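Please have the structure open as you read.

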Amino acid sequence: MNSLIDFISKNRCTALGIGPMSKNCVDVVIDLANTYEIPLMLIASRRQIESKKLGSGYVNNWSTEEFSKYVLENDKNQNIILCRDHGGPYQNENENKQNLSFNEVMNNAKESFKIDIKSNFRIIHIDPTENLISDLTEDEMLNRIYELYEFCYSVAHEYNKQIFIEISLGKEDGGISNFSEVEYAIRKIKEFCNTKNLPWPLFMVIKTGNHVLETKNIGILEEIISGKGLEEQNEIKKIVDFCNKEKIMIKEHNGDYLGDHALKYHPKMGIHAINVAPEFGVTETKAILSWLENNDLKKFTDKFLEISYNSKKWEKWMIQNSTTTKKDKAVISGHYIFSSKEFNKLKNEILEMVDDKESFDKFLKTEIKISILRYLKCLNII
């Protein structure tokens with residue numbers, strides 16, 4: 001992990017965490033990391049990639065074990081850093097449907113983390129924020145972090161693995177973190193780590209005004225950077241300075257759909273890393289629609305959009321009182337169905353209509369690559 005820390009410092013850049021939205025996306029990330037010889041983080045949520053025992057994930061139907069094996073076998077120069085994103089209780093959506101007790105949910109979270117660590121995930125994000133009944137206090141979230149933090153390091157010690165911890169407190173909602181809450185959390189976590197003789201966290205997730213809904217970033221970060229939010233900008237700077245002093249790096253989530261100017265400002269703000277995920281899934285979905293049109297296969301478009309819309313995976317991304325069309329909603333949820341039987345059947349029907357069958361995925365990968373390259377350039381990574 002020193003290579004990532006040194007890379008950020010040497011290049012004065014903001015590192016990029018990329019959601020493994022599809023097999024094509026994963027292939028592109030591996031290719032970019034090795035072409036440019038840069039460290040890139042693949043940040044897998046429990047919904048995307050999950051242990052075999054807990055039901056695997058929706059991305060290529062990969063279990064944690066299969067995903068790790070695929071990446072490590074194809075990442076020839078070892079530039080990819082496998083990361084668990086949003087690990088913790090209630091982060092696997094199936095758990096919310098099974099009426100499990102909190103103890104059962106925590107045990108599942110531990111099982112998921114255990115397989116992550118055994119499968120060579122290096123950065124483990126402990127997210128304690130989800131709760132079925134009510135919002136949690138900061139101390140309640142910290143208590144969950146302590147338990148899972150100690151568990152993860154005990155597993156790492158048992159299997160002789162080196163891991164690093166990322167922590168977050170509070171759900172991303174488009175606002176910014178409060179300095180006093182960040183200061184309190186870091187002080188308490190460092191006290192805990194010192195008492196247990198454990199390493200301090202690598203990343204602290206800070207809210208910097210980002211919030212992704214539909215296909216836009218509706219948070220206030222763009223406004224802050226434009227100069228309209230000087231008070232918020234000063235608060236972020238205060239947090240950055242404090243975290244630097246405490247030798248804990250800052251990670252920002254929900255970086256999707258930010259403009260070039262906002263992205264270029266991240267290294268200047270001192271944000272050490274940023275996560276981007278759904279945007280790349282939407283990019284691939286739009287690429288499918290474009291490829292069908294370019295190859296005079298628009299007759300398959302409606303079927304693809306119907307499968308996607310009927311999945312209802314777009315529901316969680318809706319802005320209140322949204323006026324988005326049925327097609328817009330289908331585009332938002334397209335990447336969720338790439339591994340479904342319905343989509344694979346449709347894809348086979350599509351490929352039967354063309355001579356160059358490789359042109360389909362080749363075009364999709366090209367579009368994903370263009371989308372990711374924008375971030376790599378704006379964040380000063382390449």
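Which residues of α2 are buried?

## Helix α2

This is a predicted model. In it, the buried residues of α2 are Asn24, Cys25, Val26, Asp27, Val28, Val29, Ile30, Leu32, Ala33 and Asn34. That makes 10 of the 14 residues in the helix, so α2 counts as mostly covered. The cover over these buried residues includes the strands β1 (15-18), β2 (40-44) and β3 (80-87), along with the helices α3 (64-74), α10 (278-294) and α14 (359-378).

As for its geometry, α2 runs over residues 23-36 and reaches 20 Å from its first C-alpha to its last, close to the 20 Å expected at 1.5 Å a residue. After the helix comes glutamate 37, which has a positive phi near 55°.

## Nonpolar cores

The largest nonpolar core holds 89 residues, and those with the most contacts inside it are Leu16, Leu40, Phe67, Tyr149 and Ile372. Helix α5 (residues 138-158) gives the most to this core, contributing 10 residues. A second, separate core has 22 residues, among them Ile307, Ala330, Ile337 and Ile350.

Leaving aside neighbours within four places in sequence, leucine 16 is in contact with Leu40, Met41, Ile274, Val276, Ile372, Tyr375, Leu376, Leu379 and Ile381.

## Cysteines

How many disulfides are there? The count comes to 0. Cysteine 13 is in no disulfide, and the nearest cysteine sulfur, that of cysteine 378, is 13 Å away. Cysteine 13 is buried, with a relative accessible area of 4%. Cysteine 378 is in no disulfide either, and it is buried too, with a relative accessible area of 6%.

Definitions and conventions:
Residues are numbered from 1 along each chain as its sequence is written. This is a predicted model: local features need pLDDT of at least 70, side-chain atom pairs count only at pLDDT 80 or more; totals for chains, interfaces and linings use all residues. Side-chain values use heavy atoms; hydrogens and water are left out. A nonpolar core is a set of buried Ala, Val, Leu, Ile, Met, Phe, Trp, Tyr and Cys residues joined through side-chain atoms within 4.5 Å. Buried means under 20% relative accessible area, exposed over 50%, partly exposed in between (1.4 Å probe, protein chains only). Helices (H or I, at least four residues) and strands (E, at least two) are DSSP runs, numbered from the N terminus. Contact means heavy atoms within 4.5 Å. A disulfide is a pair of cysteine sulfur atoms within 2.5 Å. The expected span of a helix is 1.5 Å times one less than its number of residues.
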